[in-house]
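Hi there,

Here is the structure I promised to pass on to you. Have a look at it first, and then read my notes below.

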Amino acid sequence: MLKRIIAAICALGLVLPVLFMGGQLGAEILVGVVTGLVLWEYAPFCNDSARVSTFAVLLVAGLGLYAMMCWGPAGWLSATLIAGMFGVLTWSMLSQDTPEAGARMGAMMAFGLIYIPLPLSIIGKVRAMDQGLALIFLVLVATWAA
């Protein structure tokens, strides 16, 4: 419990100044870094024996989705999602010994692409709103309080 409290205090020292003074771009860059860290933590769930290569594939696809959501034209998000899904599913099937293992790993990786970068990318959009900073702060306080 003490480790979590110390980590939260350290995170506050980084997150709050970036959110308050960095504007929308600072928030988007911070969330991009957090997306990479979360994908690193998620990679062993997909394939514990090849964490680094699984992470590399997830990172390329995930940050591509994140970048498209933040800075790309609206019509390209679906194409990027399809390309990312195709990439992780193809890689998972080719990197595993059996089709069952490849399908299992591909499903986990595809879920991670939808579950991690897409929701996190909304933070930059909310930060750009008129009361966006207050809304983000409310979510952070509620999360840390829980």
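Arg4 counts as exposed because its relative accessibility is 68%, where exposed means over 50% relative accessible area, buried means under 20%, and partly exposed is in between (1.4 Å probe, protein chains only). Arg4 lies in helix H1; helices here are DSSP runs of H or I with at least four residues, strands are runs of E with at least two, and both are numbered from the N terminus. The C-alpha atoms of Arg4 and Ala146 are separated by 12 Å, although these residues are 142 positions apart along the chain.

Before going on, please keep in mind that this is a predicted model, in which local features need pLDDT of at least 70, side-chain atom pairs count only at pLDDT 80 or more, and totals for chains, interfaces and linings use all residues. Residues are numbered from 1 along each chain as its sequence is written, and side-chain values use heavy atoms, with hydrogens and water left out.

**The overall picture**

The protein has seven helices and zero strands, so you will not need the strand part of the definition given above. Its C-alpha atoms fill a box of roughly 50 × 45 × 20 Å along the principal axes. Of its 146 residues, 33% count as buried. The accessible surface comes to about 8800 Å², and 75% of that belongs to carbon and sulfur atoms; such areas come from the Shrake-Rupley method with a 1.4 Å probe, and for residues only the protein chains shown count as cover. Among contacts with a separation of 6 or more, 56% are between residues 24 or more positions apart, where contact means heavy atoms within 4.5 Å.

**The start of the chain**

Met1 lies in the segment before helix H1 (2–21). Met1 is exposed, because its relative accessible area is 77%. Together with Leu2, Ile5, Ile6 and Ile9, Met1 makes a nonpolar surface patch of about 580 Å². Patches are made of residues with over 30% relative accessible area and no salt bridge, with like charges joined within 9 Å and nonpolar side chains (Val, Leu, Ile, Met, Phe, Trp, Tyr) within 5 Å. A salt bridge is a side-chain nitrogen of Lys or Arg within 4 Å of a carboxyl oxygen of Asp or Glu.

**The inside**

Which residues have the most contacts inside the largest nonpolar core? They are Cys46, Leu58, Val88, Met109 and Leu113, in a core of 21 residues. A nonpolar core is a set of buried Ala, Val, Leu, Ile, Met, Phe, Trp, Tyr and Cys residues joined through side-chain atoms within 4.5 Å. The elements that give two or more residues to this core are helices H2 (23–46), H3 (51–71), H4 (76–95), H5 (99–115) and H6 (117–127). H3 supplies the largest share, seven residues. Apart from this core lies another one of six residues, among them Leu19, Ala27, Leu30 and Leu140.

Leaving out residues up to four places away in sequence, Leu113 touches Leu58, Ala61, Gly62, Leu65, Gly84, Met85, Val88 and Leu118. Met109 is found in helix H5 and counts as buried because its relative accessible area is 0%. Beyond its neighbours within four places in sequence, Met109 is in contact with Cys46, Thr54, Val57, Leu58, Val88, Trp91 and Ser92.

Thr54 is found in helix H3. Is Thr54 buried or exposed? Thr54 counts as buried, because its relative accessibility is 0%. A polar atom of its side chain lies 2.8 Å from the backbone oxygen of Ala50.

Thr35, in helix H2, also counts as buried, at 0% relative accessibility. The side chain of Thr35 reaches the backbone oxygen of Val31 at 2.7 Å. Not counting residues up to four places away in sequence, Thr35 touches Leu63, Tyr66, Ile116, Pro117 and Leu120.

**One more stop in H2**

Gln24 lies in helix H2 and counts as partly exposed, at 31% relative accessibility. With residues up to four places away in sequence left out, Gln24 touches Gly124, Arg127 and Ala128.

Enjoy exploring!

Notes
A polar contact is a pair of N or O atoms within 3.5 Å; within protein, one must be able to donate a hydrogen and the other to accept it, and residues adjacent in sequence count only if both atoms are side-chain atoms.
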